[in-house]
Amino acid sequence: MISALFADSFVDAPAGGQRLTVRKAVMRDIPLILDLINSYAARGIMLPRTEFELSEAIRDFIVVMQGAEFLGCGALHFYSPTVGEIRSLAVHEHAKTKGVGRILVESLVREADTYELDVVFAFTYVVEFFNRVGFHVVERGVLPLKAWKDCLRCSKFSACDEIAVLRVLRPEHWSESQPQQWAHTASADDQFIQIPTPLSLK
Ligand SMILES: CC(C)(COP(=O)(O)OP(=O)(O)OC[C@H]1O[C@@H](n2cnc3c(N)ncnc32)[C@H](O)[C@@H]1OP(=O)(O)O)[C@@H](O)C(=O)NCCC(=O)NCCS
């Protein structure tokens with residue numbers, strides 16, 4: 001058992017072969033996670049991450065392994081007592097379209113559910129993938145301001161083409177038709193955060 005909360009889980013490989021292990025990330029995974037995320041970042045598909053950021057946030061991360069082979073990673077980051085983000089989701093090129101991405105998302109959603117979050121969201125270019133795993137597209141304004149803090153250092157800040165997607169975990173506690181009450185979770189720093197300009201508004 002890696003953490004007090006989550007035991008490793010074992011999943012039959014969707015495409016056959018050796019079973020997959022889903023577990024919380026540990027420090028020795030950092031170089032593997034960095035290589036994967038930054039290889040996609042170099043192609044403009046993801047935000048780059050540093051060793052410091054990963055060390056700081058390693059408890060957010062889970063990894064999928066096949067034996068000793070690292071196939072992919074994802075993270076659950078909290079923004080408020082009710083809202084979390086699924087981010088840094090990445091599957092190695094050779095392991096794509098075999099169900100690993102879905103395993104990562106479902107594991108992170110289970111974790112979010114354990115923490116009693118009402119919703120999880122993501123910013124993405126792969127809307128169809130997120131649709132397949134239970135998310136739908138939402139207006140950016142639905143999300144808490146803090147969700148945009150990493151965008152300030154993104155080169156696409158003034159022409160953002162990422163789409164916000166959301167999966168509701170507790171519908172009885174969440175309604176998109178009513179403005180969310182973020183004021184009680186806002187901090188003084190929030191005044192410096194701006195929502196990036198969508199590409200479509202340029
Ligand atoms: C997006 C990503 C994580 C998906 O992982 P994956 O292991 O290939 O996805 P899965 O095999 O679990 O696919 C689950 C479903 O989504 C569909 N899907 C996966 N990638 C898709 C894509 N790019 N476009 C449309 N549908 C896609 C699959 O066909 C599958 O559908 P099905 O269950 O109805 O058959 C992976 O392609 C990736 O790492 N991409 C680069 C990094 C990235 O964009 N990360 C997302 C940041 S938010």
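Keep in mind that the model is predicted: local features need pLDDT of at least 70, side-chain atom pairs count only at pLDDT 80 or more, and totals for chains, interfaces and linings use all residues. Residue numbers start from 1 along each chain as its sequence is written.

Start with the cartoon view. The chain has four helices and eight strands, taken from DSSP runs numbered from the N terminus (helices H or I, at least four residues; strands E, at least two). Along the sequence they follow β-β-α-α-β-β-β-α-β-α-β-β.

Next, select the strands. You will find an open, mixed sheet of eight, ordered β1-β2-β3-β4-β5-β6-β8-β7; strands pair if DSSP finds at least two bridges between them. β1 (9-11) and β7 (136-137) each have a single partner strand, so one side of each is left without a neighbour in the sheet.

Zoom in on β3 (residues 61-66) and β4 (residues 69-78), an antiparallel pair joined by six bridges. Here Gln66 stands opposite Glu69.

Finally, show the ligand. Around it are 20 residues, the closest being Lys96, Gly101, Arg102, Glu128 and Arg132; each shell residue has its C-beta atom, placed from the backbone, within 6 Å. β5, α3, β6 and α4 (127-132) each supply at least two shell residues.
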